[in-house]
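Colleague: I am new to reading structures. Could you take me through one, feature by feature?

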Amino acid sequence: MKKLLTATLAGAVAIAALAVPALAADPISGRWVTQEKNAIVTIGQCGSSVCGKISKFLETPPDGANQRDVNNPDKNLRSRKLMGLPVLTDLREDGDLWRGDIYDPEAGKTYRSVIRRKGANRLEVKGCVGPFCQTQIWTRP
């Protein structure tokens with residue numbers, strides 16, 4: 001009887017292990033302080049994808065709180081305010097990662113982005129050009 005119970009339990013554990021879904025990405029929504037500690041980016045749902053917008057300056061930009069996107073290569077976008085600007089766009093869950101784009105207003109460039117939660121209060125944010133990536137750690141305020 002004991003061998004039968006052990007075999008039954010082992011079979012149940014094996015079936016349960018097969019029923020576990022593939023790893024899903026940890027949620028990244030919420031408020032995050034950039035690595036430079038100059039801004040807070042709020043990440044949340046934006047239509048059918050996830051985005052992150054500048055929601056607070058922790059350091060006043062050179063031209064004040066109404067700083068414009070002056071480094072944007074598109075002249076038509078240079079008058080938009082940085083406050084509220086989406087810097088993370090089109091983020092979509094991909095296994096245990098989030099993939100999309102990241103905009104650097106200081107350089108006026110958009111890069112491919114890969115984001116991963118590294119615990120409850122840390123977010124690994126990568127901006128990539130081809131195979132080369134630069135990684136930052138963002139934290140909860």
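Modeller: We will go from the overall fold to single residues.

Modeller: This is a predicted model, where local features need pLDDT of at least 70, side-chain atom pairs count only at pLDDT 80 or more, and totals for chains, interfaces and linings use all residues. Residues are numbered from 1 along each chain as its sequence is written, and side-chain values use heavy atoms, with hydrogens and water left out.

Colleague: What does the secondary structure of the protein chain come to?

Modeller: Helices (H or I, at least four residues) and strands (E, at least two) are DSSP runs, numbered from the N terminus. Here there are 1 helix and 8 strands. Along the sequence the pattern reads α-β-β-β-β-β-β-β-β.

Colleague: How much of the protein chain counts as buried?

Modeller: Buried means under 20% relative accessible area, exposed means over 50%, and partly exposed lies in between (1.4 Å probe, protein chains only). Of the 141 residues, 31% count as buried. Accessible areas come from the Shrake-Rupley method with a 1.4 Å probe; for residues, only the protein chains shown count as cover. The accessible surface of the chain is about 9000 Å². Carbon and sulfur atoms hold 57% of that surface.

Colleague: Which residues touch the most other members of the largest nonpolar core?

Modeller: A nonpolar core is a set of buried Ala, Val, Leu, Ile, Met, Phe, Trp, Tyr and Cys residues joined through side-chain atoms within 4.5 Å. The largest one has 20 residues. Ile28, Ile43, Leu88, Leu91, Ile115, Leu123 and Trp138 touch the most other members. At least two core residues come from each of β2 (39–46), β3 (49–57), β4 (86–94), β5 (97–104) and β7 (122–129).

Colleague: What does Leu88 touch?

Modeller: Contact means heavy atoms within 4.5 Å. Leave out residues up to four places away in sequence, and the partners of Leu88 include Val41, Ile43, Cys51, Ile102, Ile115 and Trp138. Gly52, Asp101 and Ser113 are also among them. For the whole chain, take contacts between residues at least 6 apart in sequence: 38% join residues at least 24 apart.

Colleague: How many disulfides does a search of the whole structure find?

Modeller: A disulfide is a pair of cysteine sulfur atoms within 2.5 Å. The search finds 2. One joins Cys46 to Cys51, with S to S at 1.8 Å. Cys46 is partly exposed at 29%, while Cys51 is buried at 7%. Cys128 and Cys133 form a disulfide too, with sulfur atoms 2.1 Å apart. Cys128 is buried at 3%, and Cys133 is partly exposed at 41%. Number the bonded cysteines in sequence order, and the pairing is 1-2, 3-4.

Colleague: Why is the disulfide of Cys128 and Cys133 called right-handed?

Modeller: Look at the torsion about the S-S bond: it is about 105° for Cys128 and Cys133, so that disulfide is right-handed.

Colleague: Which residue lies over the face of Tyr103?

Modeller: A charge sits over a ring if NZ of Lys or CZ of Arg is within 6 Å of the ring centre and within 35 degrees of the ring normal. Arg80 lies over the face of Tyr103, at 5.6 Å from the ring centre.

Colleague: Where is Lys37, and what is its phi?

Modeller: Lys37 sits in the loop between β1 (30–33) and β2. Its phi is near 60°, a positive value in a residue other than glycine. Lys37 counts as exposed, at 52% relative accessibility.

Colleague: And where does Asp90 lie?

Modeller: Asp90 lies in strand β4. Phi of Asp90 is near 55°, again a positive value in a residue other than glycine. Asp90 counts as partly exposed, at 37% relative accessibility.
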